[in-house]
Amino acid sequence: MGTALHETNSSDFHVTEFILLGFPGIHDFQHWISLPMALLYIVALGANILILITVYCEPSLHQPMYQFLGILAAVDIGLATTSTPKILAILWFDAKTISLPECFAQIYAIHTFMCIESSIFLCMAIDRYVAICYPLRYPSIVTEAFVIKATLTMLLRNSLLPMPVPVLAAQRQYCSRNEIDHCLCSNLGVISLACDDITVNRFYQLTLAWIMVGSDMILVCASYALIICSVLRLNSTEAISKALSTCSSHLILILFYYPAIVILSVTHLAGRRVPLIPVLLNVMHIVIPPSLNPVVYALRTQELKVAFQKVLGFSEYMSRK
């Protein structure tokens, strides 16, 4: 810790870097977690890059739903790259130190990418709501201009509102401890080391969660409630099945994403008793979605499967055979 503390006078110290200890309680064998995390990272990068290339190159996928999927893929690459390489560096090379600016930048990036991901799920829910409940008006409502406006709104909203989180954390005084029992720069973990009052930090963190992710979750639930009500009015079982299949991939992902956030928030209350649980859930919620999202869409969306085959050249190979 001596290298991370700068002595300003005989009795005053100033923290210049933090030490990320890794997963609390399992430090002796936490390196075993690195293998599945590395595999998830490779899958996340490969699958999301493939989706980006496919959506860009295949004209049949130049539709709002797939354009939002392309944005989601880009966000997932950013989220995975923001966190996973540092975790692997800690587990493989014992590279536990991180400077204060790098730590605050990681806090901002994680908050921004996760909030954008939530907003994308909301845009996808709105897209499915209009497509199922107002199919005749869909082409006039969900247009190219709608996608551009929604994307710009997402970027502005989710890049500006999380900014006070690292700014407020940077204003705190870190004058004694600098060891964080985590493998990421968690905002709550960082500010818990501060020597001064952190009430404002905690209040803004809670407010941000409710205003952004909470409001997105409520609107997504409302959209699907309206979709289900509309689908149940259909007389044909085949029509019901077809309508639900168009949003099944999206529904699977949001059923993982939002309940996981709620569970993570609740487990933070028990963090002092069992600190490993909130840390492990926090890491899983950052690492798993970037690899899960493209796989779910790739397996359950026929149009995407066909487009993958065209981009990879499989369809041309099969036609020659």
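This is a predicted model: local features need pLDDT of at least 70, side-chain atom pairs count only at pLDDT 80 or more; totals for chains, interfaces and linings use all residues.
Biologist: How do α3 and α5 cross, and at what angle?
Modeller: Helix α3 (residues 100-133) and helix α5 (residues 144-160) cross at roughly 150 degrees, with their axes coming within 9 Å. That makes α3 roughly antiparallel to α5.

Biologist: Left-handed or right-handed?
Modeller: The crossing of α3 and α5 is right-handed.

Biologist: Which residues make the contact?
Modeller: From α3, they include Y108, C115, I116 and I120. The α5 side includes F146, M154, L155 and R157. By class, the contact of α3 with α5 has 10 nonpolar, 4 polar and 1 charged residues.

Biologist: Changing topic, how many salt bridges are in the whole structure?
Modeller: The search finds 5. One of them pairs D216 with R157, at 3.3 Å from N to O. D216 is in helix α8 and R157 in helix α5, so the pair ties together parts 59 residues apart in sequence.

Biologist: Is D216 buried or exposed?
Modeller: D216 is buried, at 2% relative accessible area. R157 is partly exposed, at 23%.

Biologist: What does D216 meet in α10?
Modeller: D216 is among the α8 residues, with V213, M217, V220 and Y224, that meet H250, L251, I254, Y258, I261 and V262 in α10. That contact has 9 nonpolar, 1 polar and 1 charged residues. The axes of α8 and α10 come within 11 Å and cross at roughly 140 degrees, and the crossing is left-handed.

Biologist: What does D94 pair with?
Modeller: D94 forms a salt bridge with K96, with the closest N and O atoms 3.4 Å apart. D94 counts as exposed at 52% relative accessibility, and K96 as partly exposed at 23%.

Key: Residues are numbered from 1 along each chain as its sequence is written. Side-chain values use heavy atoms; hydrogens and water are left out. Axes are lines fitted to C-alpha atoms, for helices over the stretch in contact, and angles run from 0 to 180 degrees between N-to-C directions. Helices (H or I, at least four residues) and strands (E, at least two) are DSSP runs, numbered from the N terminus. Angles under 35 degrees count as roughly parallel, over 145 as roughly antiparallel, 65 to 115 as roughly perpendicular and the rest as oblique. A crossing is left-handed if the near helix is turned anticlockwise from the far one by less than a right angle, and right-handed if clockwise. Contact means heavy atoms within 4.5 Å. Ala, Val, Leu, Ile, Met, Phe, Trp, Tyr, Cys and Pro count as nonpolar, Asp, Glu, Lys and Arg as charged, and the others, Gly among them, as polar. A salt bridge is a side-chain nitrogen of Lys or Arg within 4 Å of a carboxyl oxygen of Asp or Glu. Buried means under 20% relative accessible area, exposed over 50%, partly exposed in between (1.4 Å probe, protein chains only).
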